[in-house]
Amino acid sequence: MKNKLAVFGGAPIRKKSLMFGRPLIGREEIEEVVKTLKSGWISTGPRVVRFEEDFKKYIGSRHAIALNSCSAGLHLALIAAGVKEGDEVITTPFTFAATANVICHLGARPIFVDIEKDTLNIFPEDIEKKITSKTKVILPVHFAGHPCRMDEIMDISRRRKVLVVEDAAHALEAKVNGLKIGRIGHAASFSFYATKNLTTGEGGMVTTEIKSWAKKICSLRLHGLNADAWRRYGAGAPRHYEVISPGYKYNMMDIQAALGIHQLRKLDKNYTLRKKYFERYNEAFKDMEGIEVPIEKEYVKHAYHLYVIRIKRKALKVGRDEINRALRAENIGTGIHFVSLHRHPYYRKAFNYKANDFPVANDASSRVISLPLSPGLKPGDVEDTIRAVKKVFNYFQR
Ligand SMILES: Cc1ncc(COP(=O)(O)O)c(C=O)c1O
């Protein structure tokens with residue numbers, strides 16, 4: 001690869017690489033993990049139960065079920081919703097592979113709907129046009145932490161009798177018209193992957209108001225047993241369990257929950273920090289010709305998970321990939337969220353998609369760049385990123 005440093009003819013803005021999505025793990029998390037390791041109970045146990053209770057209180061949901069990933073949560077929520085072979089699930093192509101892969105795991109068909117130009121979230125007006133007798137679920141994704149138009153989506157759900165499972169991987173703190181994500185659809189799945197707003201390394205949580213769904217998900221997360229593992233071994237626990245369905249190995253460990261319990265307590269503090277960085281970026285880039293900054297609708301609380309700019313091709317001599325390479329040469333860690341799934345080989349071939357079938361998602365796929373946005377950043381890191389962005393965009397300006 002050509003070294004862009006040569007193009008700029010000078011030292012990179014940062015000497016050391018700035019990591020994208022670096023988590024902030026404090027003394028409290030580390031001490032809790034050590035305590036867990038010393039306790040002898042390291043897999044699913046009392047800390048998972050405590051984390052579920054705390055999370056339930058935070059969201060205000062009736063149920064919260066901890067899992068080893070958000071992907072697992074989406075998979076099990078779709079099973080709870082009754083999705084089977086031949087069914088259709090309406091979702092966005094502008095997402096991570098997990099969202100649509102879990103639909104395919106069930107032998108169902110992901111039906112993509114294009115996204116809004118401003119938020120890059122699924123376009124509710126087009127959802128209804130894609131509903132057929134096979135549609136079981138609408139699966140919206142709250143891209144980058146900006147929630148979807150859930151009022152419209154829930155209205156479609158009620159009128160057309162389809163269920164709603166939310167991919168809330170990015171949307172932990174998000175609200176729509178004052179209502180928390182995690183309490184709106186029939187179920188929502190959150191991610192605690194390393195770069196997420198709350199991290200347990202890997203992990204996830206499903207929230208739902210529906211008792212039968214919670215019970216099913218609880219059982220399916222551990223091989224379809226009728227009792228959780230830790231209840232099998234605890235004092236006074238029943239000696240026997242029964243397999244009531246062929247479930248999965250999707251349970252969260254106490255080692256993960258040890259992190260989660262303390263990450264949850266720090267959520268507001270970390271949110272405030274990311275919000276400050278997000279606003280600082282907006283301020284710095286709002287008048288730059290080559291950049292479209294993210295928007296925030298007035299009826300939402302944004303979860304500020306990703307800071308995604310879109311390059312404006314007309315103002316620049318090069319494309320997104322060149323800009324991205326140049327930022328990396330300045331030692332700024334970036335991400336691409338996302339290349340629309342309909343452009344990936346599997347989805348292209350399996351469903352015969354053409355690039356322009358979803359024009360907005362297609363266009364965004366080659367314009368987006370995510371800049372570092374995590375509580376692990378220092379204000380100086382944000383200023384370095386701004387200087388690097390300005391340097392690169394000014395250099396490539398037409
Ligand atoms: C939109 C979206 N959905 C689902 C997932 C899957 O999350 P997990 O890695 O916890 O399974 C991710 C992960 O990054 C994501 O970005």
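Here are some questions and answers about the ligand shell, the helices and the backbone.

Modeller: First, this is a predicted model, where local features need pLDDT of at least 70, side-chain atom pairs count only at pLDDT 80 or more, and totals for chains, interfaces and linings use all residues. Residues are numbered from 1 along each chain as its sequence is written.

Colleague: Which elements give two or more residues to the shell around the ligand?

Modeller: 14 residues surround the ligand, each with its C-beta atom, placed from the backbone, within 6 Å of it. Among the closest are Ser 69, Cys 70 and Ser 191. The elements giving two or more are helix 4 (70-80) and helix 5 (97-105); helices are DSSP runs (H or I, at least four residues) and strands likewise (E, at least two), numbered from the N terminus. So, by that definition, the names you want are helix 4 and helix 5.

Colleague: Which residues in helix 5 are buried?

Modeller: Buried takes 20 or more other C-beta atoms within 10 Å of a residue's own, exposed takes 12 or fewer, and partly exposed is in between, with C-beta atoms placed from the backbone. The cover over the buried residues of helix 5 includes helix 4, strand 2 (88-91) and helix 13 (345-351). The buried ones are Ala 98, Thr 99, Ala 100, Val 102 and Ile 103.

Colleague: Are helix 11 and helix 15 roughly parallel or roughly antiparallel?

Modeller: Their axes, lines fitted to C-alpha atoms over the stretch in contact, with angles from 0 to 180 degrees between N-to-C directions, come within 11 Å and cross at roughly 25°. Angles under 35 degrees count as roughly parallel, over 145 as roughly antiparallel, 65 to 115 as roughly perpendicular and the rest as oblique. Helix 11 and helix 15 are therefore roughly parallel.

Colleague: Is Lys 161 buried or exposed?

Modeller: Lys 161 sits in the loop between helix 7 (150-160) and strand 5, and has a positive phi of about 55° although it is not a glycine. Because Lys 161 has 10 C-beta neighbours inside 10 Å, it counts as exposed.

Colleague: And Asn 331, what does that count as?

Modeller: Asn 331 is in the loop between helix 12 and helix 13, and its phi is positive too, about 70°, although it is not a glycine. With 17 C-beta neighbours inside 10 Å, Asn 331 counts as partly exposed.

Colleague: Which residues does a cis peptide bond join?

Modeller: Look in the loop between helix 12 (320-329) and helix 13, where Phe 338 has its place. Omega is about 0° for this bond, and the residues joined are His 337 and Phe 338.

Key: Contact = placed C-beta atoms within 7 Å.
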